[in-house]
Amino acid sequence: MRRIAAISLAVLVVTLLVLAVPRPARAFGDRGAFDARVLLAGGTTGAARPTAPLRWAHELVMRTSAPARSRPTSVRADDGDIVSGPFLYWSGDVALTPLSSAEVSGLRRFFALGGLLVVDDAGVNFDGDKSEFGKTARAQIARVLPDSAIIQIGPEHVIFKSFYLLHRAEGRVQGPKTLDAIVRGGNVQVIFTNHDLGGALAQGPTGVWEFPVVPGGEAQRDHAVRLAVNIAMYLLCSNYKDDQVHAPFLIRRRSRVRESEP
Amino acid sequence: MTRLVILGGGLTTHFAPSSDFPAWAALMACVVCAVSMLALIMEMRVRRSGRALVLATGVVAVASLLLAVTRPVRIAARESRIGPRVIVLADASRSMDLQSTRGGTRKAARDQAVAALQASAKEARITVLGFGDGAPFPLAEGDAARPRSDLMSALNPVLKSEGETPQAVVVVSDGRLSEPESEKGLHPLIDGLNVPIHTIATAEESLPDATILHVGATGSAVAHVPLPLRVEVLCTGGLSCDKLTVTARELRASGAPTLLASGLADVSQGRGVVDLTITLDSFGPRIVEVALSAPAGDKIPENNRRFFTFNVARERLRVLHVAGRPTADVRALRQWLKSDASIDLVAFFILRTPTDDPRAPNEELALIPFPVDELFEQHLASFDAVILQDFEVAPYGLRPHLPRLANYVKERGGGLIMVGGPASFVSGGYARTPLADVLPVKLDGNPGHTKEDLAKFTPDWTDVGRTAPILAPLRKATNDEFPQVEGVNVVGDLAEHATALLTHPTRLTPSGAKMPVLAVGEVGAGRSIALAIDGAWELEYSPLGSRTQGRGYAALWDGLLGWLMRDPRYEPAQLSLPAGCTVGTKTRLRLKAVSGMKPEGTKLTLKRLDEEAAVIVVPIDQKADLLSGVDIDLPALAEGGYTAKVGFGTGPSTSLDFACEAGGDEWADPRPDVQRLRDIAKETHGDFAFAWDASKLALPSPTVVSAERHVVPVAPAWGWSLLAAAALGAHWFIRRRRGFG
């Protein structure tokens, strides 16, 4: 009896492990798939939440039709490969060192091609106040894109409806309702989150979430995952959900949700 | 035909005063002589004997004196009478083929009138020329009728040439002239020349006929935008009309014409108008047939329908972009499509498959159902191009619509692009479907067939890819480089009328050719493109993309979509019909190739629209300078719409749709315009006659010209003086003897 139970438990564990592995990206290879590519610049040596990019890819694949790389990559800002993909994820919780001219140049080439950078402040406090990373990242981005202003984007922006209908931004901390962004020609170039999005996504190899989500608990974590999915879908679909054909559906659906809210 | 008429061509002789004797002096001498004779006669009224002798010697003396003064000479000359130069301009337009109410055609009446004129005016030097659509030309038996009757263009070289100006011009026509619009328009040509224009009418009235007199469009034709047409109909020649049904149909490359609109024209006093509104969905030259249902008794059925070529512009290019999943390639294409303000983009991306778990109720998702039925049943015709990108047939209900989509390309002239990915081509389930028949590559649907090759590779340019205008922007942007890509859909050989622009460096097709990676093809009225990779976005995001600022991606799609939409910039050649096409007239097609197109292997074909007619191959001189442009005579064509297509070896082809009319403009109004001919004659001080009275036309008189003139004095000057002195002396002696003072 004990043997049968042990075998059953082993089968269950193997099954869960198999399911936990992200499905292979359904593309030729995975070059065209979503790559939560970590930017190494300003002294960062990796993502502040190292497991977050993989989880991001996993959630995207599980929830949507979008393919994602099963092994997200990283790239230095002064590496020529910085222009080999349209997405960069830059996270940290400590102050950045000033970007070298090579890093500034690399990032400028990335933005010139239309790339999207997500700057995720992992050191943000519970109220969403920026950490030194957040402040210095803004200062360094201002050097890269000197004529660009940071604006707030909220639920009316396509990022909040690119897959899920979101009413606010959330991460490991609830933070402000909006995201900060640099927008040029209608396209978002940089998204600044004051929510530690990676903290909500980080998951250990055993499947345990690495950080508690406050104050909303698991519901807030799911909203954070949805925001991450929406950012990935915005990257891959651009402003698709702003197309006129979607407008009546989305307006109806939002009004229905509002009516059902207490 | 010119006749030089010389009358009285023998040697003639006459006398005249000496050439150094001015006419006024001769006149004075004659007056003096006459006065002297008068005085002598008055003197002889006295009854006295011998007065007759006195008178006789007096006359002789006066005459001798006159001869001594004038010293007459004998002139021997060869004199000629040259007939007047008369130019006969005979109408050679299509309207002269219409039947006359007197029997026979107007052309026959014209020829009879010309013959009668030549017979009656034997002294005239008559040159008979035809006029039609340009300079006058010698009439010849069997000449094709001209599509216009431009009298101005014919008169200009006749009256303004540096040679001998004609003394008269005779116009033989039915009066239905393209130019001048009125007789006043002749003044710039005839003012100061004093050349009368006589006119001869070849017909008095029209046969019983119902005709489409005129079709006018308000504004220009724009794809998908309703276009109002005003159709004027005419009933003439005594034909009884009340209401006439008028229809407008669009001719298509294959299949029956499509009815666009129909209406009823109320005919009053022979005229009626009906307003129709048509909507043309495809841009470029579209052939529209406007026809009426004529009542019984209509004698000219050829003008019951007209063909019009509408060059349909597009307000914006309507593109349907359907993607099976969001990827970097989808993103790149969407951003390029959205960046072009001239493109009206309708996009549908599959964001969630049936196996995905979004972990949220539908109300919390921003997803809408994929309206596959609505899109492909109701709105397909409104799109100029459809892009299927990495989109699988089965899960989303596309399969039932594949025949319609294939028809949209083949018969409605739509554009189709299939972009590669794991759900495209064979992997997407398109093999052995109707859509496979319109792709430029063949798909092998056999079980076990390799569907994808995931290896990295760099596509090779084909010879055509290196020269065709379609990839010229890409070659220029990337300096003939192409980035390495990962994976390719395995496709088969090229379809008929398809061309490979990029190929796989190692994979081969079943026939042993290099496997196409990018291929373009003509399918019926439409075009299709197969791009068997999902890595074109790396033209933007790659070291090459960075070096070229990502311009290569935009350049690739500029060329692909431009060629698909027949943008002249991406066509291998330009085709045109400078003089249009009318049944029974010579049709000339102008072909001008763009740089890089080689004449070897150039093939020109001709196919009738709207029926499964055989394709006619028109021979082309393979050594002709196609870059400078060549004119090619087409074979005799019957009434209807046609597609002329030219291909360059294995390279891409281009085509031109055009229509050939039986009657055309010349038969639209069959009524002869006699009054106009009368007005022209009156305005130019000429005469008017009907063809059957042509011989009564008064032409100018001949001119006399002298040649071989010999002047010989009748006697030496001293002889005349001696004679005068002797005669005067004798007269004086006899007067004295007879008692005259």
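Reader: Over how many bridges do strand β21 and strand β23 of chain B pair?
Author: This is a predicted model, in which local features need pLDDT of at least 70, side-chain atom pairs count only at pLDDT 80 or more, and totals for chains, interfaces and linings use all residues. Residues are numbered from 1 along each chain as its sequence is written, while chains are lettered from A and ligands numbered from 1 in the order in which they are written. Helices (H or I, at least four residues) and strands (E, at least two) are DSSP runs numbered from the N terminus, and two strands pair if DSSP finds at least two bridges between them. Strand β21 (residues 460-461) of chain B and strand β23 (residues 498-508) of chain B run in the antiparallel sense, and their bridges number 2.

Reader: Which residue takes a positive phi in the hairpin of β23(B) and β24(B)?
Author: Strand β24 (residues 514-523) of chain B is joined to β23(B) by 6 bridges in antiparallel fashion, and L502(B) stands opposite L518(B) in β24(B). The hairpin has 5 residues between the strands, and the one with a phi near 95° is G512(B).

Reader: What is the average pLDDT of chain B?
Author: pLDDT is the predictor's confidence in each residue, from 0 to 100. Residues 1-8 of chain B stay under 50, yet 98% of the residues of chain B score at least 70. The chain average is 90.

Reader: How many residues of chain B take part in the contact with chain A?
Author: Two residues are in contact if their C-beta atoms, placed from the backbone, lie within 7 Å. Chain A gives 43 residues to the contact, and the count for chain B is 44.

Reader: How many residues on the side of chain A that touches chain B are charged?
Author: α2 (52-63), α3 (101-112), α6 (217-237) and α7 (247-260) of chain A each supply at least two residues of this side. Ala, Val, Leu, Ile, Met, Phe, Trp, Tyr, Cys and Pro count as nonpolar, Asp, Glu, Lys and Arg as charged, and the others, Gly among them, as polar. This side of chain A has 22 nonpolar and 11 polar residues, and the charged ones number 10.

Reader: Is α2(B) roughly parallel or antiparallel to α15(B)?
Author: Axes are lines fitted to C-alpha atoms, for helices over the stretch in contact, and angles run from 0 to 180 degrees between N-to-C directions. Helix α2 (residues 51-70) and helix α15 (residues 717-738) of chain B pack at about 155°, with axes 8 Å apart. Angles under 35 degrees count as roughly parallel, over 145 as roughly antiparallel, 65 to 115 as roughly perpendicular and the rest as oblique. The angle therefore makes α2(B) and α15(B) roughly antiparallel.

Reader: How many residues of the contact of α2(B) with α15(B) are nonpolar?
Author: Residues including L53(B) and V54(B) of α2(B) meet residues including W720(B) and L723(B) of α15(B). Apart from 5 polar and 2 charged residues, the nonpolar ones number 14.

Reader: Which residue is the bridge partner of A217(B) in β10(B)?
Author: The order β9-β10-β13 (chain B) forms an open sheet of 3 strands with antiparallel pairing. Its edge strands are β9 (209-217) and β13 (271-278), and 8 bridges join β9(B) to strand β10 (residues 227-236). In β10(B), the partner of A217(B) is L229(B).
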